[in-house]
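Please keep the viewer open as you go.

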Amino acid sequence: ADQRVEAGYASLDVPLGPAAKAYVGVRLEHGVQDVRTFDLFEPSKITAHGHLDDTDVLPTLNLSWSVTRALAVKLGASRTLSRPDLNEMSPSPALEYVGGYRVAGNPRLERAMIDNYDLRFEAFPSLSEVFAAGVFYKRLHDPIEQVIQAGTPPMLVPMNSDHGRNVGLELEART
């Protein structure tokens, strides 16, 4: 197995008046993953080959507005990705420690893209206190999830799903 990631990043802080600013950035990333499964008794014979070679542009935009000296609002949008790990790309079976399922990888996996959106309110009652609440929404394209395949015993195999989403609330209190 082999994995290589090369990346570059550029960003810019942009003041938008005395109480607001924007942070704009972009990451250019090239990732290569290569997994070859071979015959145990004939190592030169490749039985399965998983290969990913992706170049991705991953933008980010964050806006921050200081409503007062003690209250701030932040908005964020970005694109990230999630690559399969190398074990997920190898069809060689193994036994899962918890649950006892047989597990195997999938050489046809693709990396997942994630669109992230965040909104956060922060209050600073004193220099050492923070109270914050935020909501987030993540839209997933081709997310990787475990699927139970029929058999005796059943086997867990990672597969790309069409789409997914993750919605949540974050609360923070520090004093």
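Which residues line the largest cavity? They are Gly31, Gln33, Leu52, Asp54, Asp56, Leu81, Arg83 and Arg111. This is a predicted model, in which local features need pLDDT of at least 70 and side-chain atom pairs count only at pLDDT 80 or more, while totals for chains, interfaces and linings use all residues. Residues are numbered from 1 along each chain as its sequence is written, and side-chain values use heavy atoms, with hydrogens and water left out.

**Cavity and pocket**

- Rolling a probe the size of a water molecule over the atoms shows where empty space is left.
- On a 1 Å grid over the protein atoms alone, a cavity is a set of points where a 1.4 Å probe fits but cannot get out, whereas a pocket is an open set with protein on both sides within 12 Å along at least five of seven lines; lining residues have an atom within 4 Å of a point.
- Grid points are joined across faces, edges and corners, and a volume is the space filled by probe spheres set on those points.
- Searching the whole structure turns up one cavity of 30 Å³ or more, and the volume of the largest cavity is about 40 Å³.
- Two elements, β2 (20-39) and β3, each give two or more residues to the lining of the largest cavity; helices (H or I, at least four residues) and strands (E, at least two) are DSSP runs, numbered from the N terminus.
- Strand β3 supplies the largest share of that lining, with three residues.
- By residue type, the lining of the largest cavity has two nonpolar, two polar and four charged residues; here Ala, Val, Leu, Ile, Met, Phe, Trp, Tyr, Cys and Pro count as nonpolar, Asp, Glu, Lys and Arg as charged, and the others, Gly among them, as polar.
- The largest pocket holds about 250 Å³ of space. Its lining has 13 residues, and those closest to its centre are Asn87, Glu88, Val103, Ala104 and Gly105.
- Five nonpolar, five polar and three charged residues make up the lining of the largest pocket.

**Salt bridges**

- A salt bridge is a side-chain nitrogen of Lys or Arg within 4 Å of a carboxyl oxygen of Asp or Glu, and the count by this rule is twelve.
- Arginine 27 pairs with glutamate 29 in a salt bridge, with the closest N and O atoms 2.5 Å apart. Glutamate 29 is buried at 6% relative accessible area, while arginine 27 is partly exposed at 32%; buried means under 20%, exposed over 50% and partly exposed in between (1.4 Å probe, protein chains only).
- Arginine 79 and aspartate 115 meet in a salt bridge of 2.8 Å, N to O. Aspartate 115 belongs to strand β7 (residues 112-123) and arginine 79 to strand β4 (residues 71-82), so this pair ties together parts that are 36 residues apart in sequence.
- Within that pair, aspartate 115 is buried at 7% relative accessibility, and arginine 79 is partly exposed at 29%.
- Glutamate 172 and arginine 120 also join in a salt bridge (2.6 Å, N to O). Because glutamate 172 sits in strand β11 (residues 163-174) and arginine 120 in strand β7, the pair ties together parts that are 52 residues apart in sequence.
- Glutamate 172 is partly exposed at 29%, as is arginine 120 at 21%.
- A network of salt bridges links Lys74, Arg120, Glu122, Glu172 and Arg174.

**Surface and backbone**

- Leu12, Leu16, Val24, Leu61, Leu63 and Leu75 make a nonpolar surface patch of about 490 Å².
- Patches take residues with over 30% relative accessible area and no salt bridge, joining like charges within 9 Å and nonpolar side chains (Val, Leu, Ile, Met, Phe, Trp, Tyr) within 5 Å; accessible areas come from the Shrake-Rupley method with a 1.4 Å probe, and for residues only the protein chains shown count as cover.
- Leucine 61 lies in strand β3 (residues 42-68) and is partly exposed, at 37% relative accessible area.
- Aspartate 53 is in strand β3 too; its C-alpha atom is 4.5 Å from that of valine 32, 21 residues away along the chain.
- Aspartate 142, although not a glycine, has a positive phi of about 60°. It lies in the loop between β8 (130-141) and β9 (144-149).
- Most residues other than glycine have a negative phi.
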